[in-house]
Amino acid sequence: MAHERLSVFDMLKIGVGPSSSHTMGPWRAAQRFLRAYSTNELKTVSSIQVDLFGSLAKTGVGHGTDIAIQLGLIGEDPETIDVGTIEQRIDQIARHKRLRLGGIQEIEFDPKSDLRFHFREQLPFHPNGMRLSARLETGELREETYYSVGGGFIVQEGVEETPEEHSLPFPINTAAELLDHCRHQSCRISEIVRENELSWRSAPETAKRMEAIKDAMFASVHRGCRTSGVLPGGLNVERRASAMATTLLGAAVPEKVEDFIDAIRNQPHDFQRVLDWVSCFALAVNEENASFGRIVTAPTNGAAGVIPAVLMYGVCFCGFDADRYQDFLFTAGEIGCLFKKGATISAALGGCQAEIGVSSAMAAAALTECQGGSPAQATDAAEIAMEHHLGMTCDPIGGLVQVPCIERNSMGAIKAITAAQLARQDRAAPAVVSLDKVIKAMWQTAQDMNSRYKETSEGGLAVQIPVNVIEC
């Protein structure tokens with residue numbers, strides 16, 4: 001796999017649900033397609049067509065691929081869009097059969113005919129392929145092909161992605177290299193990662209970005225715990241986090257995030273209650289994700305609830321302060337980078353082990369780091385978490401990121417906490433399986449896995465419960 005220079009902010013990105021590969025990636029592809037045109041050139045575009053292939057076609061509607069592409073084409077950004085306006089904007093395009101390309105040029109666009117789903121055809125490079133075509137007033141046709149390779153990352157066909165020429169003080173491509181840096185510098189994982197991040201940007205800018213990531217994570221938990229109703233898409237899945245939170249608190253969820261956290265901290269910390277809260281945190285985020293809400297891709301949208309749930313566990317029940325949440329996110333982000341470099345974070349390539357498994361490993365290492373574990377114990381925790389997700393299939397019912405995806409975030413969070421506990425108990429003998437070896441095993445498993453279990457909704461639970469999905 002490629003050894004690229006990755007920042008933790010490549011792994012942790014503020015965005016919109018429900019899928020990083022099927023929503024965020026296509027959204028970014030539409031934006032990149034438009035960036036190739038000057039303002040004057042955009043004014044000469046007369047029509048746009050979008051072709052979706054492979055997994056993007058098979059589960060695209062359930063994952064909001066069609067919605068994301070339209071939002072990208074009208075010039076909206078997933079980090080800044082008012083998510084409350086998404087439904088209205090998409091309805092307006094469908095009703096008028098027109099869109100304002102890049103916010104500049106109004107063109108005819110009928111989603112029913114200009115978004116084409118090729119269910120039986122897959123492009124060669126990756127299962128998540130899309131082609132965008134623009135017809136100019138002169139009659140010239142311009143086409144570009146993009147692949148959404150997981151975690152919101154995209155690759156453009158025919159464009160060689162030149163690795164960033166950036167010199168890091170502590171280059172890291174493997175867990176072994178990360179541990180070597182920690183030993184030679186006599187420091188923790190988060191300290192090594194922080195130094196690397198400071199080579200990209202200033203300390204104030206890094207802290208500001210970390211604060212934004214943390215705030216977005218906590219906000220998604222809080223919103224999910226205050227919102228009831230039925231998730232969109234046709235499965236009629238009831239949102240559960242709100243009722244759970246109200247029951248656990250014995251009162252309505254406070255309007256402010258800070259008051260919500262304080263209320264949880266002031267409760268008894270018995271095992272059952274803590275377990276319920278961790279599950280509630282994870283459910284809340286992924287119910288938001290399933291509703292086209294704002295979440296943090298960590299490292300994907302389908303697995304966005306694991307890391308916030310474990311971080312909230314640390315803040316509410318382990319006394320984490322501001323310094324430790326930054327250490328948590330630095331550590332989690334770096335472990336995600338290792339999986340991106342050595343295997344995959346794309347469910348279309350690796351099944352759910354590439355999403356929930358990776359997020360659980362990230363959270364396990366981060367929790368271990370922040371609870372005083374050694375660097376070796378932190379990487380052991382990541383290995384334990386992934387070891388018990390190997391081979392997990394991605395088989396979303398109806399192509400929606402709901403069943404079994406939402407509950408899997410709760411399971412991934414609990415596994416992360418358990419993995420951290422196990423790793424911290426082992427203070428002498430080295431692990432039988434290293435993190436690098438489990439990353440290699442995960443990649444081999446991904447390559448051997450049948451495509452029916454890789455985000456196609458053609459196997460597993462998805463075919464046991466056939467449904468007619470309503471467009472979101």
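## A buried spot to start from

Val-149 is buried, with a relative accessible area of 15%; buried means under 20% relative accessible area, exposed means over 50%, and partly exposed is in between (1.4 Å probe, protein chains only). This is a predicted model, in which local features need pLDDT of at least 70 and side-chain atom pairs count only at pLDDT 80 or more, while totals for chains, interfaces and linings use all residues. Residues are numbered from 1 along each chain as its sequence is written, and side-chain values use heavy atoms, with hydrogens and water left out.

Asn-128 sits 21 residues from Val-149 in sequence, and the C-alpha to C-alpha distance between the two is 6.8 Å.

## The sheet around E7

E7 belongs to an open sheet of five strands, in the order E5-E2-E6-E7-E8, with mixed pairing. Two strands pair if DSSP finds at least two bridges between them. At the edges are strand E5 (115–118) and E8, each of which pairs on one side only. Ignoring direction, neighbouring strands of this sheet are turned by 25° against each other on average. Angles run from 0 to 180 degrees between N-to-C directions, and axes are lines fitted to C-alpha atoms, for helices over the stretch in contact.

Let's walk through some of the pairings. Strand E2 (residues 45–54) runs antiparallel to E6, and nine bridges join them. Asp-51 has Arg-131 in E6 as its bridge partner. E6 (residues 128–136) then pairs with E7 (residues 141–150), again in the antiparallel sense, over seven bridges. Here Arg-135 has its bridge partner in E7, namely Leu-141. Four bridges join E7 to strand E8 (residues 153–156), and these two also run antiparallel.

## Two hairpins and their glycines

How many residues lie between the strands in the hairpin of E6 and E7? There are four, and in this hairpin Gly-139 takes a positive phi near 100°. E7 and E8 form a hairpin too, with two residues between them. In that turn, Gly-151 has a positive phi of about 70°.

H6 is mostly covered, with nine of its nine residues buried. Among them are Ile-67, Ile-69, Leu-71 and Leu-73, along with Asp-66 and Gln-70. Just after H6 comes Gly-75, which takes a positive phi of about 90°.

## Two helices side by side

Two packed helices are described by the angle between their axes and the distance between the axes. For helix H19 (residues 375–387) and helix H21 (residues 435–448), the axes come within 8 Å and cross at roughly 25°. H19 and H21 are therefore roughly parallel to each other: angles under 35 degrees count as roughly parallel, over 145 as roughly antiparallel, 65 to 115 as roughly perpendicular and the rest as oblique.

Which residues make the contact? H19 brings Thr-379, Ala-382, Glu-383, Met-386 and Glu-387, and H21 brings Leu-435, Val-438 and Met-442. By class, that contact of H19 with H21 has five nonpolar, one polar and two charged residues. (Ala, Val, Leu, Ile, Met, Phe, Trp, Tyr, Cys and Pro count as nonpolar, Asp, Glu, Lys and Arg as charged, and the others, Gly among them, as polar.)

Most residues other than glycine have a negative phi, and most peptide bonds are trans. The bond from Gly-17 to Pro-18 is cis, with omega near 10°, and Pro-18 is found in the loop between strand E1 (13–16) and helix H2 (20–35). Another cis peptide bond joins Ala-298 and Pro-299, with omega about -5°. Pro-299 lies in the loop between strand E9 (294–297) and helix H15 (306–317).

In the loop between H21 and helix H22 (461–464) you'll find Glu-455, whose phi is near 60°, a positive value in a residue other than glycine. Is Glu-455 buried or exposed? At 2% relative accessibility, Glu-455 counts as buried. Ser-457 is in the loop between H21 and H22 as well, and has a positive phi of about 60° although it is not a glycine. Ser-457 is buried, with a relative accessible area of 19%.

Definitions and conventions. Contact = heavy atoms within 4.5 Å.
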